Amino acid sequence: MKPILDESLPIFQQIAQIVINDIVEGHLKEGEQVPSENELSNFYNINRATVRKGLQTLVDEEIIFKKRGIGMFVMEGAKTKLLDERKKQYRNEYILPLLEEAKRLGMSVETVVKLIKEEEKN
């Protein structure tokens, strides 16, 4: 878990993102229980309703699910779903703008790939 929250996003969204990152990074596995509202609320010293809103966002997105009276758990297929979403986001935020700029500079895709491979060696 990330120890500090910041002002970059609403706190409930940061809580959701922390859980998402834990799933993607393998700290929370599919079928495992997510830290409780109380645990997250105490750890981050924030209102329990804020934590609830962040976790509910993940329930609505079918990343986690509730077992009444027990807690919340990571849904089967959640990691794959999250990775697919991040790959699409990565493509839109980095790859497409990179290729557009390369085109403006008169660079071919092959040249861009070559530059990336050279950087990878360093």
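Biologist: What should I know about the model before I read it?

Modeller: The model is predicted, so to speak of local features a pLDDT of at least 70 is needed, side-chain atom pairs count only at pLDDT 80 or more, and totals for chains, interfaces and linings use all residues. Residues are numbered from 1 along each chain as its sequence is written, and side-chain values use heavy atoms, with hydrogens and water left out.

Biologist: At what angle do α1 and α3 pack?

Modeller: Helices (DSSP runs of H or I, at least four residues) and strands (E, at least two) are numbered from the N terminus; axes are lines fitted to C-alpha atoms, for helices over the stretch in contact, and angles run from 0 to 180 degrees between N-to-C directions. Here α1 (residues 11-24) and α3 (residues 48-60) pack at about 50°, with axes 8 Å apart. Angles under 35 degrees count as roughly parallel, over 145 as roughly antiparallel, 65 to 115 as roughly perpendicular and the rest as oblique, and α1 and α3 are therefore oblique to each other.

Biologist: Which residues in α1 and α3 meet?

Modeller: Contact means heavy atoms within 4.5 Å, and I11, F12, I15, A16, V19 and I20 in α1 meet T50, V51, K53, G54, L55, T57 and L58 in α3.

Biologist: How do the axes of α2 and α3 cross?

Modeller: The axes of α2 and α3 come within 9 Å and cross at roughly 120°, and these two helices are therefore oblique as well. In this pair E37, N38, L40 and S41 of α2 meet R48, V51, R52 and L55 of α3.

Biologist: What volume does the largest pocket have, and which residues lie nearest its centre?

Modeller: Rolling a probe the size of a water molecule over the atoms shows where empty space is left. On a 1 Å grid over the protein atoms alone, with a 1.4 Å probe, a pocket is an open set of points with protein on both sides within 12 Å along at least five of seven lines, and lining residues have an atom within 4 Å of a point. The largest pocket has a volume of about 250 Å³ and is lined by 15 residues, of which E37, K67, I70, G71 and M72 lie nearest its centre. Its lining takes at least two residues from each of α2 (37-44), α3, β1 (64-67) and β2 (71-74).

Biologist: Which residues line the second largest pocket?

Modeller: This pocket holds about 190 Å³ of space, and its lining residues include Q13, A16, Q17, I20, T57, L58 and E61.

Terms used: Grid points are joined across faces, edges and corners, and a volume is the space filled by probe spheres set on the points.
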